[in-house]
Amino acid sequence: MHGITLTSAPADWEIFQQEKGSAVIHLEGSYQVHPAAIQAGVKSAVPVVRVVEEEDNRILIPWTPASGVTEGEGFSGTFETDIRVPAGGLYRIDTSLETQSTVPGLTWLYRGDCVLHVGVGNVFVIAGQSNSAGYSRDFCPDPPSLDVHLYRNRGRWDLAAHPMNESTFAGSPAHEEMGIPGPSPYLSFGKCYGKLTGMPVGLVQTALGGSPMSRWKPGEGDLYRNMTRRFRQTGGKYAGILWYQGCSDTEPGAAEQYYANFKEYVEAVRKELGYDIPVFTMQLNRQINGIHDACWGKVREAQRRAAEEIPHVHVISTTNLNLSDGIHNSAQANVVLGEKLANQCFGVLGGGAEFEAPALASGELVTETERERLGLAREGSWLKLTFAHVKNCFLLYSDLGKDSGYTLEDGRGEVEILKVRANREDKNKVYLHMARKPEGEALFSFAWQADPVRLPMVDEVTYLPPLSFYRLPLGQRGSNLDAGEGERGQNF
């Protein structure tokens, strides 16, 4: 065909990861002047490239001669060129063959291949199991947006729309969902993050329902190998990984190894990509009538620790989200989760306001003086908890200890929690009224069971509940609680 034929170019709908506000896009192709033009007389032929904004057909980058031109016979040849494109889109990339006739002053632009619906913004890799793949069975509004694109399991870029993990033309066991996938959190995430940043969002799907950590094991797991193939297919430059996984590891043996296995996964991915890619994780929600409560607690604790101890790993809580069946988030919950995750990512990556789940920072027994100042009941004992990442104060749905999600046990057994108190004067503080004072080493937990508290306390601004934690020893960061209660509060 005469004009420009592209032999290597972006795919329609592809999103490129911006770096410092732009991305370099590479093109290769061949060119050929039309035979009729050669007969009329041609002096020169130069491949040219431009970038046009699809919204209004405004020229963003005018016709620019390609570099790396190799001339052949009869005004034909090959070329390759790089163009630096600013963040934004959607763009159309046009090519043309600019010829100069032997007739003075006569030039002509011949046809060329074009690439449609390209954007420069932020690309995220989706990984994990069913709540990441999307298994909502119900419905709610979450329509497609031209600003959010998806690299589908069929191996090509497309407009993002639910279901995002369907396996049509996938051709690989790594993409064969057992059931019919539904809404996931990530279309909502992409739309919200795009709005916050003013840039389009690309999503690369690698999740699979029911997958345990063993299938994500570096070098051995089939899902890990599939993910690295996706890296090669989509360029290897991403803003972050969106990881939601762990339900399949809430069993004895696997739960105890979750932290080590997840850390191995993160380190291997970063070695594979050559940079410390941020990883955004979600603590497990719940399983109604689930078993192995302790294993659920251990996995959630591992997820909390990972964000605390592994650089550039972040976690968000999910235990106040409703379900569409016994274990999968509802469509409404996924829309909300996607928006919250986008706000967290914008706070970490985009310079936005911090949007983190409250995290337990310290705890101490309340002194007599403080008890009097706060007007707390004199019976029993009080524990003061201090949280990080609290925007304003906590909203309690109930002040009864049995509804709080907190559990405390010592050598004598369970320490009953009678009441919970929070107020705006101490915005990041929570007070637990205990039936008795803990003795010796006591183990403290929150929202840890397979099906934990249904309405946990939440930050009044973000509506995020505190991160779950499991069997934290009281006394590990300060004096031991069995030393007696005096004027000095005692920490854990």
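Student: In which sense do strand S18 and S23 pair, and over how many bridges?

Tutor: This is a predicted model. In it, S18 (residues 381–388) and S23 pair in the antiparallel sense, over six bridges. Leu-383 stands opposite Leu-432 in S23.

Student: What makes S22 and S23 a strand pair?

Tutor: Pairing requires at least two bridges. Four bridges join S22 (residues 417–421) to S23, and the two run antiparallel. They therefore count as paired. Here Lys-419 stands opposite His-433 in S23.

Student: Why is S23 called mostly covered?

Tutor: Six of the six residues in S23 (residues 429–434) are buried, so each of them is under 20% relative accessible area. Both faces are covered: Lys-429, Tyr-431 and His-433 are buried on one side, and Val-430, Leu-432 and Met-434 on the other.

Student: How do you know that Lys-384 is buried?

Tutor: Its relative accessible area is 10%. The cut-off for buried is under 20%, so Lys-384 qualifies. Lys-384 is in strand S18, and it touches residues including Lys-429, Val-430 and Tyr-431.

Student: What makes the link between Lys-384 and Glu-370 a polar contact?

Tutor: The side chains of Lys-384 and Glu-370 are joined at 3.0 Å. The limit is within 3.5 Å, so the distance passes.

Student: Why is the pair of Phe-387 and Phe-394 called edge-to-face?

Tutor: Their centres are 5.1 Å apart, and the planes are at 70°. Pairing needs centres within 6.5 Å, and edge-to-face needs planes over 60 degrees apart, so both conditions hold. Phe-387 is buried at 2% relative accessible area, and Phe-394 is buried at 6% relative accessibility.

Student: Why is the pair of Trp-243 and Tyr-265 called tilted?

Tutor: The planes are 35° apart, with 4.5 Å centre to centre. Under 30 degrees would be stacked and over 60 edge-to-face, so 35° leaves tilted. Trp-243 lies in strand S14 (residues 240–244) and Tyr-265 in helix H5 (residues 258–273), so the pair ties together parts 22 residues apart in sequence. Trp-243 and Tyr-265 are both buried. Ring pairs also link them into a cluster with Trp-216, Tyr-224, Tyr-258 and Phe-262.

Student: What makes Arg-305 count as lying over the face of Tyr-259?

Tutor: Arg-305 is at 3.9 Å from the ring centre of Tyr-259.

Conventions. Residues numbered from 1 in each chain as written. Predicted model: local features only at pLDDT ≥ 70, side-chain atom pairs only at ≥ 80, totals over all residues. Heavy atoms only, no water. Phe/Tyr/Trp six-rings, centres within 6.5 Å; stacked < 30°, edge-to-face > 60°. Buried < 20%, exposed > 50% of the residue type's maximum accessible area, 1.4 Å probe, protein only. Lys NZ or Arg CZ within 6 Å of the ring centre and 35° of its normal. Polar contact = N/O pair within 3.5 Å; in protein donor to acceptor, adjacent residues only side chain to side chain. Contact = heavy atoms within 4.5 Å. Lists of a residue's contacts leave out its neighbours within four places in sequence.
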